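Hi there,

Here is the structure I promised to pass on to you. Have a look at it first, and then read my notes below.

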Amino acid sequence: SRKRKASSAKIGKQAADSTGWEALDDVKQSQLLKQDGDGAEQPKSYSKAFLLIFAVVSSLALYINTLSNEFVYDDLVAVVQNPDVRGERPISILFKADFWGGVLADPKSHKSYRPVTTLLYRITAA
């Protein structure tokens, strides 16, 4: 355990020397470091709450631009014109229909079975 701590300290010192860590005064070093349960100093990490907030805000910032856009390509058939999504048929049909609103047993069906996706589209469209 002592060898491991000594080796860890040596590696840490080498990394610190290569990054200019020694140039920082003691006050700045102590602000950047915190002690763990063994008394060994560890770099200060971001809190989980900060990371969660950052992830949510980043996701919303990227997604918000899409809200004013229209449906394109196959969205018109799969979402806008799909009677299962528009609520024109009972929910039980979702489990017998393909993604495009056609009957799975029909030979012309693509056999793309996505009832949960279609249900979520239906809930969102309501």
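**What I found**

Setting aside neighbours within four places in sequence, Ala 97 is in contact with Asp 84, Arg 89, Gly 102, Leu 104 and Tyr 113, where contact means heavy atoms within 4.5 Å. This is a predicted model, in which local features need pLDDT of at least 70 and side-chain atom pairs count only at pLDDT 80 or more, while totals for chains, interfaces and linings use all residues. Residues are numbered from 1 along each chain as its sequence is written, and side-chain values use heavy atoms, with hydrogens and water left out.

Back to Ala 97, which lies in the loop between H5 and H6. Is Ala 97 buried or exposed? Ala 97 is buried, with a relative accessible area of 4%; buried means under 20% and exposed over 50%, with partly exposed in between (1.4 Å probe, protein chains only). The C-alpha atoms of Ala 97 and Arg 114 are 8.6 Å apart, although 17 residues separate the two along the chain.

Now for the whole chain. The protein chain has six helices and two strands, in the order α-α-β-β-α-α-α-α. Helices (H or I, at least four residues) and strands (E, at least two) are DSSP runs, numbered from the N terminus. Of its 126 residues, 14% count as buried.

Helix H6 covers residues 115-125, and Pro 115, Thr 118 and Arg 122 in it are buried. Why do they share a side of H6? They span an arc of only 65 degrees around the axis, which puts them on the same side; the arc is that of the directions from the helix axis to the C-beta atoms. An α-helix has 3.6 residues a turn, so residues three or four places apart point the same way. On the other side of H6, Val 116, Ile 123 and Thr 124 are exposed. Helix H5 (83-86) is included in what covers the buried residues of H6.

Pro 83 is found in helix H5. Not counting residues up to four places away in sequence, Pro 83 touches Glu 88 and Arg 89. Between the C-alpha atoms of Pro 83 and Trp 100, 17 residues apart along the chain, the separation is 8.9 Å.

I hope you enjoy exploring it!
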